[in-house]
Each structure stands twice: as structure tokens, then as C-alpha cells.
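Okay, everyone, thanks for coming. I'd like to walk you through one structure today, so let's get it up on the screen.

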Amino acid sequence: GGVTEGTHNALGFDVANRTVGPGPGWTLLGAGGPKFLAAPVVLGALPSAWTTYNVSANVPNGATAVILDFTFTTGDDATVAVEVRGSGASPALLLQRQGDDGDKSYGGGQGIAPITAARTFQSRRTGDGNAVLRLVGYF
């Protein structure tokens with residue numbers, strides 16, 4: 001089952017030939033898959049305003065996306081969300097939204113953000129909580 005494109009389903013499985021790989025018209029994020037950094041790079045606490053992060057010191061030319069992780073906390077009856085986008089002209093993408101109805105909440109997650117040719121992206125935190133962002137890899 002699942003969505004198909006040609007003989008490939010949505011996960012890249014070639015139903016006819018029983019192989020895994022991109023189907024016709026697919027765009028690969030990066031040759032050889034994700035590349036993870038030897039150690040995460042802390043980008044800092046996320047402000048509520050859109051902030052541009054330049055990752056060119058850790059991400060090579062030609063990369064098209066970064067892999068991020070983040071941790072967050074909320075106070076009582078609060079929410080927090082982490083959003084990313086390539087630039088101000090790009091749509092905002094939600095990496096995580098967390099809320100609670102009485103007690104503090106803690107958590108984290110990982111996501112992929114598009115980057116510009118200059119190897120920058122933007123991120124922000126919304127809501128009443130706090131979030132810390134780290135760069136962990138790229139495509």
C-alpha cells in the first residue's frame with residue numbers, strides 16, 4: 001500500500017524490483033545521506049523573534065539542509081514551539097510544539113531545516129517556554 005510514483009512507494013521501495021531508492025522525479029537531500037558532526041554545535045537559546053544562524057563554519061558548500069536538535073521547557077499552563085525556515089521569504093516549518101495544563105513540561109526533538117546557498121537559516125521560539133537549539137548535521 002501507500003502512495004506510489006511509478007513503481008516506487010512513498011518510502012522509496014521499488015515494488016516491482018524489491019529495491020530501495022528514489023523514484024522518478026524525486027529530489028535527494030544530499031549524496032550519500034545525512035552527515036553528522038563529530039560533536040553538536042550549540043547555537044544558543046532561541047529568542048522569540050526570527051533569528052538568522054550562519055552555519056558556514058560547520059556545513060560545507062553545496063549542503064541544502066541542516067539537522068537540528070533542541071530541548072525545551074515550559075512553565076505551568078504554558079506552551080512552546082520551535083519553528084525554522086530557510087529565509088524570510090520561506091514558509092515557516094514547525095519542528096515541535098509542546099504545551100501543558102498545569103505542570104511544567106520538558107522535552108526535546110530533532111528536525112531538518114532548509115538552508116540558503118550562503119548556509120544560513122532562521123529559527124524562533126513562540127509561546128511562554130524556553131528552547132535551546134543545536135546543529136548536529138547536514139545534507
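Before we start, one term: when I say polar contact, I mean a pair of N or O atoms within 3.5 Å, where one must be able to donate a hydrogen and the other to accept it. And keep in mind that this is a predicted model.

Let's begin with Arg85, which you'll find in strand β8. What does the side chain of Arg85 pair up with? There's a polar contact of 2.6 Å between the side chains of Arg85 and Gln122. The Arg85 side chain also gets to the backbone oxygen of Ser87, at 3.4 Å. Now, here's a thing to look at: Arg85 is buried, yet it has no salt bridge. The nearest side chain of opposite charge belongs to Glu83, and that is 7.5 Å away. Leaving out residues up to four places away in sequence, Arg85 touches several others, including Trp50, Pro91, Pro114 and Phe121.

So what about Glu83? Glu83 is in strand β8. Is Glu83 buried or exposed? Its relative accessibility is 11%, so it counts as buried, since the cut-off is under 20%. The side chain of Glu83 makes a polar contact of 2.6 Å with the side chain of Arg124. Again skipping residues up to four places away, Glu83 touches Trp50, Leu93, Leu94, Gln122, Ser123, Arg124 and Thr126.

Last stop, the core. The largest nonpolar core has 20 residues, and the ones that touch the most other members are Val59, Val66, Leu68, Phe121 and Leu133. Which elements give two or more residues to this core? Those are β7 (65-74), β8 (79-85) and β12 (130-138).

Let's zoom in on Leu133.

Note on methods: Residues numbered from 1 in each chain as written. Predicted model: local features only at pLDDT ≥ 70, side-chain atom pairs only at ≥ 80, totals over all residues. Heavy atoms only, no water. Core = buried A, V, L, I, M, F, W, Y, C linked by side-chain atoms within 4.5 Å. Buried < 20%, exposed > 50% of the residue type's maximum accessible area, 1.4 Å probe, protein only. Helix = DSSP H or I, 4+ residues; strand = E, 2+ residues; numbered from the N terminus. Lys, Arg positive; Asp, Glu negative; His and termini not counted. Salt bridge = Lys/Arg side-chain N within 4 Å of Asp/Glu carboxyl O. Contact = heavy atoms within 4.5 Å.
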